[in-house]
Every structure is written in structure tokens, then in C-alpha cells.
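Please read this briefing alongside the sequence and the coordinates.

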Amino acid sequence: MTGDKATAQIHQRLIDSLYTEAMLLADEARAYFDEMGRDERDTLDAMTRVVFSCESLKVTTRLMHVIAWLLTQRAVNAGEIALGDALDPSRRLGTAPETDRASFDAMPLAAQGLIAASQDLYRRVARIDSTHDHDAPVPVSPARRMLDRLSHAF
């Protein structure tokens, strides 16, 4: 097996593993914030309940950015889209909101666990996404394209 093929298989396994982790975490977060966390939320003061709702949205945003990026990587691995298309800024990992320490500390322990897990997963995926920065195609100016076409014509 060649080095490139082995690297591609490792990358695919990593993406598949992260995808499974992201989907399980998304399901866990949905169950907690939509159902199980209601009792804990109801014990909080009014302002902390608002922060709880905001943190729920932040967790969801982080996970949706991660899942979208992972689906793009899976599409590249399956040959459904070209790597160059996956490097388009619209298909890169989106920016996710951070959770400040005071908000984190005000959350129930179960919510803290989900917040921390979503931040950790997002940061790991962001490190992988950043390795593609050197792969991004360098834009070619219209003048350079014209010169290239002229040189090929003559």
C-alpha cells in the first residue's frame, strides 16, 4: 500500500470516527437541552436560564458546524465533490461561539459536560481543518489566465 493511499485511509477513518462522535454528542445534547435539562433549568434564576438557553444554542452551533464540515470531508472521500471545492470558504469549518468562564461555571454539571465536549470536538476538527490551509488553491488573476491562454495558443 502506498503512503498516499494509507494516509487517505487513516484520514477517512478519522473523519468517520469524528462523525460518529459528533452525531452521538448532538443526540445527547438534544436530549439534555430539550428534555432532561428542563428540571435543572427550572431551578435556575431568570438570568441564568437565559444563559442556559444561549449555551444550548452555542453547543448546537458548534456541533452543526462540525457535522457540516465532516459531511463535506466524507463527500470528498466518496468522490462526490472535488478537494478544491471542499476548500472553498463556504465549505470550511464555520466560526463557533465561545463560552466564557462565568457562563460555564453557572451551568449545571450536565450542561458543563456537554459544553466542554462540544468545545473539545470543535477544536479538534478546527486543527484538522487548518491543515488544509496550505492546500487552498492560489487564485489566478484574469491577466495571468489570459497570458497563459495566449502562450498555449502560440
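This is a predicted model: local features need pLDDT of at least 70, side-chain atom pairs count only at pLDDT 80 or more; totals for chains, interfaces and linings use all residues.

Residues are numbered from 1 along each chain as its sequence is written, and side-chain values use heavy atoms, with hydrogens and water left out.

**Helix packing**

- Helices (H or I, at least four residues) and strands (E, at least two) are DSSP runs numbered from the N terminus, and the axes are lines fitted to C-alpha atoms, for helices over the stretch in contact, with angles running from 0 to 180 degrees between N-to-C directions.
- H1 (residues 3–42) and H2 (residues 46–77) pack at an angle of about 160°, with their axes 9 Å apart.
- H1 and H2 are therefore roughly antiparallel, given that angles under 35 degrees count as roughly parallel, over 145 as roughly antiparallel, 65 to 115 as roughly perpendicular and the rest as oblique.
- The crossing of H1 and H2 is left-handed, a term used if the near helix is turned anticlockwise from the far one by less than a right angle, whereas clockwise gives right-handed.
- The axes of H2 and H5 (residues 109–130) come within 9 Å and cross at roughly 30°, which makes H2 roughly parallel to H5, and H2 passes H5 in a left-handed crossing.
- On the H2 side, the residues in contact (heavy atoms within 4.5 Å) include Phe52, Val59, Leu63, Val66 and Trp69, and on the H5 side they include Leu114, Ile115, Tyr122 and Val125.
- The axes of H1 and H5 come within 10 Å and cross at roughly 155°, so that H1 and H5 are roughly antiparallel, again with a left-handed crossing.
- Among the residues making the contact between H1 and H5 are Leu14, Leu18, Leu25, Tyr32 and Phe33 of H1, together with Leu114, Ala117, Leu121 and Ile128 of H5.

**Aromatic rings**

- Three aromatic pairs are counted, where rings of Phe, Tyr and Trp (its six-membered ring) pair if their centres lie within 6.5 Å, and planes under 30 degrees apart count as stacked, over 60 as edge-to-face and the rest as tilted.
- The ring centres of Tyr32 and Phe33 are 5.0 Å apart and their planes stand at 75°, so this pair is edge-to-face.
- Phe33 and Phe52 form another edge-to-face pair, with 5.4 Å centre to centre and 65° between the planes.
- Because Phe33 lies in H1 and Phe52 in H2, their pair ties together parts that are 19 residues apart in sequence.
- Tyr32 and Phe33 are buried, as is Phe52, where buried means under 20% relative accessible area, exposed over 50% and partly exposed in between (1.4 Å probe, protein chains only).
- Tyr32, Phe33 and Phe52 form one aromatic cluster.
- The charged end of Arg74 sits over the ring of Tyr19, 4.2 Å from its centre, under the rule that NZ of Lys or CZ of Arg is within 6 Å of the ring centre and within 35 degrees of the ring normal.

- Leaving aside neighbours within four places in sequence, Gln73 is in contact with His11, Ile15 and His132.
- Val76 is also in H2, and with the neighbours within four places in sequence left aside, Val76 is in contact with Ile81, Ala82, Leu83 and Ala86.
- The C-alpha atoms of Val76 and Ala86, which are 10 residues apart along the chain, are separated by 7.2 Å.
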